[in-house]
Amino acid sequence: MAQQIKAIRGMNDILPENIHYWHRIEGTVRTLLGRYGYNEIRMPVIEKTELFKRSIGEVTDIVEKEMYTFDDRNGDSLTMRPEGTAGCVRAAIQNGLLHNQTQRLWYQGAMFRYERPQKGRYRQFHQIGVEVFGMDGPDIDAELILLSARLWRELGMESMVTLQLNSLGSADSRAAYRDKLTAYLGQRKEQLDEDSLRRLDSNPLRILDSKNPDMAELIANAPKLTEELDDESKQHFDALCRTLDAAGIKYEINPCLVRGLDYYSKTVFEWVTDLLGAQGTVCAGGRYDGLVTQLGGKESSAVGFAMGIERLAVMMQENGLGGDDHYPDAYLVQVGERAMQQGMIVAEKMRDALPGLRLITHCGGGSFKSQFKKADRSNAQFALILGDDEIDKGEIGIKPLRGGEQQLLTVDAAIEYLQQQI
Ligand code: ATP
Ligand code: MG
């Protein structure tokens, strides 16, 4: 046998047995965002490398060590998108979506980062992202948080996630804070790990985002950005908190929450869980008012978030939130030459009459016993049985597979019966 070719490390197949978790998440998000008036946008998976360098920031984990970057046949440097915001902003500018308009957009798709693969952290992963342009008040920040909170409720996850909030303030207040933080950390250089030493001059705020437990205490005692906030950012943040209070959304203010990308300002937030070990952030976002101009557009405020579908799918799986609406309603067992032909016709008739019916027609022959076993394994609610006897009488057998007596019904009566049951 020829040697098998395996998938790339950290890039997973999503198998049929798990796809219903994905469908549930994607379907719920799509409906929910439609209810709030958000429109989907689809961007290319590959963009010019420059786009990510300029938006995410040169001194970030993503740009420094996680991007899949390559030269195409023309020698242009291209990158597989590590996140969706940069491409979404690029697309919005390029297609004139920001010209005197507000936009509520969302997207979903694969992202690529060269990270160390582990549970909840992969090299190809999938995000659903939401980006809003042209609204600068705290009301839209609140809307994003309220709609994400509704999503957790609709997925049955509200007790599994908590909200962390912070404000990064304006560029000016961040610069003032940066000096304070650099002074504090500079006096404690011996406690900094290698990454943090490197960031001390280039991007000290990112040190607060370190996942290294050895640095946790140093970070906890560092001066707080919240104490340096400019008036406008402070009012914005207070108004957001008041709206969340009034809406009954619980949150924790986390002064160390700085987010891993450079483009954020004012509000930042993360929904976190303690059910996934170290990979605890399931949804993260914030305001990034400066990014549109940074990418060559006219000034437009912006706020958004992205969530990782893999982490949500694992949480659903591990907490029994799969539901059973992905199982078939019925499995048609058909034994004998005539039944095989007639079965296809009966099945089509049922599908015409019951568009909601999930019906598997057995194909490929086999004994009654082996077909019935397949019906059982399919997790269907009913087995439908068609043999020569049934055909002669113009009837069909219906057997509830989770307990109950078999009945013989005319096809029309069977359709009526199924209509009531599914
Ligand atoms: P983390 O702190 O976990 O590295 P991040 O700050 O790099 O996350 P973002 O870039 O904000 O993450 O992406 C938003 C969400 O996308 C994360 O909260 C997470 O759910 C998901 N995500 C990010 N990186 C990965 C990955 N490598 N594999 C799977 N999901 C990921
Ligand atoms: Mg990361």
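Two strands are taken to pair if DSSP finds at least two bridges between them. The legends below refer to a predicted model.

**View 1. An open sheet of five strands with mixed pairing.** The strand order is E13-E12-E14-E15-E16. Strand E13 (359-361) and strand E16 (407-410) form the edges, each pairing on one side only. From one strand to the next, the twist averages 30 degrees.

**View 2. Pairing of strands E15 and E16.** Strand E15 (residues 395-400) runs antiparallel to E16, and four bridges join the two. At one of these positions, Ile396 has Leu409 in E16 as its bridge partner.

**View 3. Helix H13 packed on the sheet.** Helix H13 spans residues 368-377 and touches strand E12 (330-334), strand E14 (382-386) and E15. The direction of H13 makes about 170 degrees with that of E12.

**View 4. Helix H6 along its length.** The 16 residues of H6 (residues 171-186) reach 22 Å from the first C-alpha to the last, close to the 22 Å expected at 1.5 Å a residue.

**View 5. The buried and exposed residues of helix H6.** Ser173, Arg174, Tyr177, Leu181, Tyr184 and Leu185 are the buried residues of H6. Seen down the axis of H6, these buried residues fall within an arc of 95 degrees, so they line one face of the helix. Asp172 and Asp179 are exposed on the other side of H6.

**View 6. Packing partners of helix H6.**

Methods: Residues numbered from 1 in each chain as written. Chains lettered and ligands numbered in written order. Predicted model: local features only at pLDDT ≥ 70, side-chain atom pairs only at ≥ 80, totals over all residues. Heavy atoms only, no water. Axes fitted to C-alpha atoms, helices over the stretch in contact; angles between N-to-C directions. Contact = heavy atoms within 4.5 Å. Expected span 1.5 Å × (residues − 1). Buried < 20%, exposed > 50% of the residue type's maximum accessible area, 1.4 Å probe, protein only. Arc of directions from axis to C-beta.
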